[in-house]
Amino acid sequence: MATRSTTSWLWRGFERNVSIVVVLALWEITTRAGLFNNFLLPPLSDVLARGLRDVMNGELPRQALITAYIAVVGFALAAAAGVAAGALMSMSAVVRRIMEPVVSVAFPIPKISFLPIFILWFGLDNMPKIMMIAFTCIVPIISATYLGTATVDKYFLWSAQNLGTTRHTLFWKVIVPAAAPQIISGLQVAFPLALIIAVVTEMLTGADGLGGYMIHAVRFAQSDKVFAGLLATLLLGMFFMQAFAILRARLLVWHAETASAGAT
Amino acid sequence: MSKALRVPIFYLPIFVGLLMWELAARTGLLDPSICPSLGATLAAFARLIDKGHLLENAWISLFRQSSGFFLAASFGILSGMLMAQSRWVFNVLEPLLRATFPLPKSALIPLFILWLGIGDAAKVAAVFLGCLLPVVISTYNAARGVNKQLLWSAWSLGTAKWLIPWKIVFPAALPEIMSGLRIALALSFTLMVSAEFLIGNRGLGTLIGTLGEDGDYPGMFAAVLAVTLLGFAADRLFLWLNNRLLRWRD
């Protein structure tokens with residue numbers, strides 16, 4: 001029985017990834033066969049060789065760390081300020097009255113268009129990039145936190161108040177944990193935006209990070225480097241998505257969501 | 001409260017904010033060399049419209065954004081529906097979605113410069129691919145989540161099998177599809193501006209960049225204001241359409 005379940009597990013793993021393997025194989029075979037201009041689409045093996053070389057000489061890890069650094073710092077600022085603002089909105093009618101129209105206007109506008117203004121104000125260093133990331137990420141975090149904290153089950157609140165819980169304890173011990181799944185979902189929606197904006201701002205200021213690496217490659221017509229940068233950016237995105245999933249399971253270990261996920 | 005008054009009253013804090021901007025600029029709290037007043041920005045807005053640049057560039061940008069968005073919406077809804085209906089399509093597409101989902105889509109812009117040059121095609125491609133995945137994923141989830149009782153009722157009432165996806169599944173999934181489209185719409189403007197910043201060949205993003213390089217900061221603020229207004233107007237138009245399309249629900 002053990003071997004049978006192993007083969008079926010292997011088969012499932014294959015079935016789940018077969019189209020990725022096919023695409024990668026087609027990429028290598030068609031480019032080697034000369035079906036595409038190798039400048040526009042270099043063979044996968046050349047891209048991997050290029051990537052490996054830039055990993056070995058330290059360039060790609062360095063650029064990936066820079067991108068990760070500005071994305072994480074900008075995101076952390078947005079998370080701290082956004083969760084606070086969202087919670088305040090659900091607790092105070094005045095704050096809600098002021099913030100609601102601001103959030104509803106800020107949600108759809110393309111915030112990246114403010115980048116030249118941020119560069120004018122904060123210079124060309126990391127500062128405008130970090131502020132841009134924070135500005136973009138804060139909106140979904142505020143609205144998720146507000147919705148999460150404003151819709152906490154009334155019975156939780158009544159029970160806690162009945163037992164004599166103070167306002168402060170009520171907030172930290174009841175409202176925040178009850179809203180945690182929605183707050184974390186808001187953070188999970190916001191983080192991909194942090195990476196999108198990090199890469200764009202790096203391309204525009206054209207210095208460091210994976211965005212800078214790729215835009216330099218285009219300017220110097222090194223197409224294998226463009227693809228190597230794309231793969232590195234994809235890996236960075238995968239790393240953060242995985243990290244968020246693990247963090248979510250850890251933070252919500254007490255929640256029904258995690259228990260049911262563990263059971264299947 | 002009358003309906004005509006409700007909207008301006010809701011947005012009152014925004015107007016107060018704008019007023020504070022103007023006052024801060026007038027009293028010298030803001031350095032006019034790096035932060036022009038609201039008045040100067042509006043004057044520059046009028047000047048840019050008068051000279052024709054603003055409207056012309058806005059049309060170019062809107063064309064790129066809406067082509068990319070509508071391509072993404074039609075391909076995305078179609079493939080999401082097919083994934084939900086056919087196991088085979090799901091097995092082919094799901095691994096590819098899973099593998100490309102974590103990529104921040106703005107990273108594709110250099111690739112499109114390489115492949116498509118600096119014309120409209122590169123920008124439309126950036127908007128298209130950037131918006132595609134949210135549409136596919138929300139459509140697939142919505143179509144999978146359709147209440148099974150609706151399908152059973154349709155079967156038992158003798159609805160033809162090939163009609164069910166379009167007559168039953170699609171309308172039932174529409175609310176969730178629309179919320180995926182709304183996220184894609186906001187993303188489409190972000191990618192349009194990003195691509196135009198990077199591939200300087202007309203459009204509002206390019207206009208913002210060149211005005212900034214010329215040191216015409218009121219003009220730059222006015223162009224940013226134009227992009228902001230476009231994104232906002234598109235979203236409100238979308239919400240209006242959404243409410244009309246989903247009016248049968250309640």
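This is a predicted model: local features need pLDDT of at least 70, side-chain atom pairs count only at pLDDT 80 or more; totals for chains, interfaces and linings use all residues.
## Overall architecture of chain B

In chain B the secondary structure amounts to 11 helices with zero strands, and the order of elements from the N terminus is accordingly α-α-α-α-α-α-α-α-α-α-α. Taken along the principal axes, the box filled by the C-alpha atoms of chain B is roughly 75 × 55 × 30 Å.

Of the 250 residues in chain B, 38% are buried.

## Helix H2 of chain B

Helix H2 of chain B covers residues 12-26, and its 15 residues reach 21 Å from the first C-alpha to the last, which is close to the 21 Å expected at 1.5 Å a residue. After H2(B) comes B:Gly28, a residue with a positive phi, near 85 degrees.

## The contact between chains A and B

The two chains meet through 40 residues of chain A, which are in contact with 41 residues of chain B. On the side of chain A that touches chain B, at least two residues each are supplied by helix H1 (2-32), helix H4 (93-106), helix H5 (115-122), helix H8 (167-205), helix H9 (209-219) and helix H10 (223-251) of chain A. The most is given by H10(A), which provides eight residues to this side.

By residue class, the side of chain A that touches chain B comprises 32 nonpolar residues, six polar residues and two charged residues.

How values were computed:
Residues are numbered from 1 along each chain as its sequence is written. Chains are lettered from A and ligands numbered from 1 in the order in which they are written. Helices (H or I, at least four residues) and strands (E, at least two) are DSSP runs, numbered from the N terminus. A residue is buried if 20 or more other C-beta atoms lie within 10 Å of its own, exposed if 12 or fewer, and partly exposed in between; C-beta atoms are placed from the backbone. Two residues are in contact if their C-beta atoms, placed from the backbone, lie within 7 Å. Ala, Val, Leu, Ile, Met, Phe, Trp, Tyr, Cys and Pro count as nonpolar, Asp, Glu, Lys and Arg as charged, and the others, Gly among them, as polar. The expected span of a helix is 1.5 Å times one less than its number of residues.
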